[in-house]
Amino acid sequence: MDRDHRDVEPAAIHRAGQRLVHPPPAPYGPEARRDGEHIFAGYVSPLFGHFILESCTHLWYARQRPELPLLWCRLSPLAPYQTAVLELLGIRNQSLKVTQPTVVETLHVPDPGCVMRHMLNAEHARFLGQYTPRSGWRPGGPKLWLSRSALPEKLKSFANEVEIEDVLAADGWEIYHPEQYTIASQLETLAGASQIAGFIGSAFHSLLLLREVNAEVTIFSPKEPRIITYKTIATVKGLVQREVFLEFKSVRTAGSRQYTLLEPETVYDTLGVQRGGAKAKVKAPSPRGVAGALRPRRAS
């Protein structure tokens, strides 16, 4: 809130048109005070995709003002991949954690560059796309399947992925487990690929960190709303991407939901795996950004 206790809406988290963070009810309790200028950085998510899309949404302004400290909510010790992402983005600001109601002399609240299932600003996409591979892209690079099969049980999501991966590997696909590699290694591998495919998941959000994506991208997914985020990213970055909706059987387990693909042959035919199906052609979408310039706001 600003000094007149008016809501500063750009500081909230929004998803799919819904606001997830609201001002606390009064009274606010003991207040800390910070003099000088600070930047509202947002909320640190432990989840890979949410960190890139939501935790970094205000940081485009931080790179322009490296002398100003960042104020974070929910700031826990950063994971190695989070530190690597911030370094890649050129964020050198001091990070401070807010743990109680705090009055700040001047707080810059940048517009969010991304709102999940709603928008990705083209200027923000350029800010995120910092990685340039050490070796230039060449046609005929590896075909990568972004696998979820080595994730912890509650995160795997797709029950029969290993069987599908066996067929893909026999046809020359590399079964790639991105969580087993550093951010730099992941991005170098993705940048050299000719095709990137897999079941819907946050591993595809790494493509936002590449300056250029030359691979054909195929995302297989149940029919669910979160595919909107992936389509928006593809549109703004001008990716050659297709989304293929498949029939799954959904099974809820303790603490998670798993999908069993009912017709894996659709994956093989779509990717042109040598089982009698012809390789499908991929059309590039027309690149277009999201209108509107990003700007910082002051809540002082």
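## Aromatic pairs

Phe 51 comes out as buried, at 1% relative accessibility (buried is under 20% relative accessible area, with a 1.4 Å probe and protein chains only). Keep in mind that this is a predicted model, where local features need pLDDT of at least 70 and side-chain atom pairs count only at pLDDT 80 or more, while totals for chains, interfaces and linings use all residues. Residue numbers run from 1 along each chain as its sequence is written, and side-chain values use heavy atoms, leaving out hydrogens and water.

The structure has nine aromatic pairs (Phe, Tyr or Trp rings, the six-membered one for Trp, with centres within 6.5 Å; planes over 60 degrees apart are edge-to-face). Phe 51 and Tyr 81 make one of the edge-to-face kind, at 5.9 Å centre to centre and 85° between the planes. That pair ties together distant parts of the chain, with Phe 51 in helix α1 (residues 48–55) and Tyr 81 in helix α3 (residues 80–88) (helices are DSSP runs of H or I, at least four residues; strands are E, at least two; both numbered from the N terminus).

Trp 60 and Tyr 61 have ring centres 5.7 Å apart and planes at 65°, so they're edge-to-face too. Trp 60 is buried at 5%, and Tyr 61 is buried at 7%.

## Aromatic cluster

Trp 145, Phe 199, Phe 220 and Phe 248 group into one aromatic cluster.

## Strands at a pocket

β3 (32–43), β4 (70–73) and β6 (102–110) each put at least two residues into the lining of the second largest pocket (an open set of 1 Å grid points where a 1.4 Å probe fits, with protein on both sides within 12 Å along at least five of seven lines; lining residues have an atom within 4 Å of a point). The top contributor is β6, with six residues.

Terms used:
Rings of Phe, Tyr and Trp (its six-membered ring) pair if their centres lie within 6.5 Å; planes under 30 degrees apart count as stacked, over 60 as edge-to-face and the rest as tilted. Buried means under 20% relative accessible area, exposed over 50%, partly exposed in between (1.4 Å probe, protein chains only).
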